[in-house]
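Please open the model in your viewer with the backbone drawn as a cartoon, and keep the selection panel at hand. The tour goes from one selection to the next and says at each stop what is there.

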Amino acid sequence: MCKSCSLGRGKRKISPFSPVSISPFLYTSYLSKTRRKSLVCKEVFSQMICRFVNGFSAAAGHRISEKNVAAGWDFRYHVKLDTNPGMEGLEVSTGNLIDPEGRPVTHLRMSITQECNLRCAYCHHEGEEAPGEQMSTETACEIVKTCSQYGIRKLKITGGEPLLRADIYEIIRSAKDVGFEEVSLTTNGTLLPGRAVMLKEAGLDRLNIGCDSLSSSVLPKTADAVEPALKAAKEAGFENTKLNMVVLKGVNDGEIEHMIEFAKAQDATLQIIELIPTGNGYFDKYYFDLAPIEKELKNRAQSVTVRRLQGRRQYHLPGVDVEVVRPFHQHFCEKCTKMRVTSDGHWRPCLMRSDVLVPFAGADSLLEAVSLRCSYSS
Ligand code: SF4
């Protein structure tokens, strides 16, 4: 539940027969007639609208008929399964998942641990507030296999710091064995020297290495610190490495140009990332709007690519690519194709919603999680 409104605080119980529960449209008319204050915040209200519209379309537009069943609608979950010809060498390939808003689910982002050997103040821990026991190797491999059966072909492994897990090679291998086309990993780079070759051998395709500043006394992931990681990655044969820079107002917002030069020298892509709320006042103090930077990059770029994933834009500058990640812009939710998994083995349909978690229990749990996907910032 949302923490910023009365629904989330749980102090006021809302009757199942109240206008809030029935429809957002009744609710607005109820508010105007009674001149009462809204019980819910803007976010929850937009979710109500979204769910109401989805429910309506499920009831009216996708009635159970032979035609709709043949078209691939799974009515237990209001999820569409596009028929898929299947992949050679795989036992099953059930289809591609399409959520209630019509968004295909093609990417898996799996956190495999909440442990980390650094402490970045802005760390959002993949939105995990109170993680349970870390999932086992078997669970991680089963999750990957289940996703592959539903046409998901891109996997990003995250943490915490995923290289702290000794079974990381096994997890990567299992993903490649079941047909994942791209397996990438985010890391703070500290443990990469000495592991890069084994990661490559296990089948890892690409790396995202955190690097927020050239040198800083408050940010641990600096260029100096990640240089050995970049060297190890190159020697192991990794290409298209991305450097992830989280931009913080008054801390490193003046370093973007230097970081572009650093990425160019390292033959890497620079990803500049807007802060997302961590709920402790940090966001209000350090949020830096990347809109003006993006405008400037657009003027300087030789060309621009808009990625399918979350509508991210990649600016191709002479000798270096810069990608901008702005979670509340660029149709981030509208174009989200990711299903997330928490380190304790739950599906998490949205990064911003810690109240919607589905424990992993085979394919049905994946379908249920997909059916719960709903744009957060629509
Ligand atoms: S390195 Fe990554 S996981 Fe570790 S504290 Fe920093 S942001 Fe969080």
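Begin with the open sheet, in which 12 strands lie in the order β11-β12-β13-β10-β9-β8-β7-β6-β5-β14-β15-β16 with mixed pairing; helices (H or I, at least four residues) and strands (E, at least two) are DSSP runs numbered from the N terminus, and two strands pair if DSSP finds at least two bridges between them. Its edge strands are β11 (303–306) and β16 (358–359), each of which pairs on one side only. The model is a predicted one, in which local features need pLDDT of at least 70 and side-chain atom pairs count only at pLDDT 80 or more, while totals for chains, interfaces and linings use all residues. For your selections, residues are numbered from 1 along each chain as its sequence is written.

Next, select residues 313–317 and 320–325, which are strands β12 and β13. These two strands run antiparallel and are joined by five bridges, and among the paired residues His316 has Asp321 in β13 as its bridge partner. Two residues lie between the strands of this hairpin, where Gly319 takes a positive phi near 80 degrees.

Then select Asn240, in the loop between α9 (223–236) and β9 (242–247), and check its phi, which is near 55 degrees, a positive value in a residue other than glycine.

Turn now to helices α6 (residues 137–149) and α7 (residues 168–177), whose axes come within 9 Å and cross at roughly 20 degrees; the axes are lines fitted to C-alpha atoms over the stretch in contact, and angles run from 0 to 180 degrees between N-to-C directions. The two helices are therefore roughly parallel, a term that covers angles under 35 degrees. Show the side chains of Thr137, Ala140, Cys141 and Val144 in α6, which meet Glu170, Ile171, Ser174 and Ala175 in α7, contact being counted if C-beta atoms, placed from the backbone, lie within 7 Å. The residues of this contact divide into five nonpolar, two polar and one charged, where Ala, Val, Leu, Ile, Met, Phe, Trp, Tyr, Cys and Pro count as nonpolar, Asp, Glu, Lys and Arg as charged, and the others, Gly among them, as polar.

Finally, select the ligand, which is surrounded by Cys116, Leu118, Arg119, Cys120, Cys123, Gly159, Gly160, Glu161, Asn188 and Gly210, each with its C-beta atom, placed from the backbone, within 6 Å. This shell divides into four nonpolar, four polar and two charged residues. Within it, zoom in on Gly159 and Gly160, which are joined by a cis peptide bond with omega about 15 degrees; Gly160 has its place in the loop between β6 (154–158) and α7.

Note on methods
Parallel < 35°, antiparallel > 145°, perpendicular 65-115°, else oblique. Contact = placed C-beta atoms within 7 Å.
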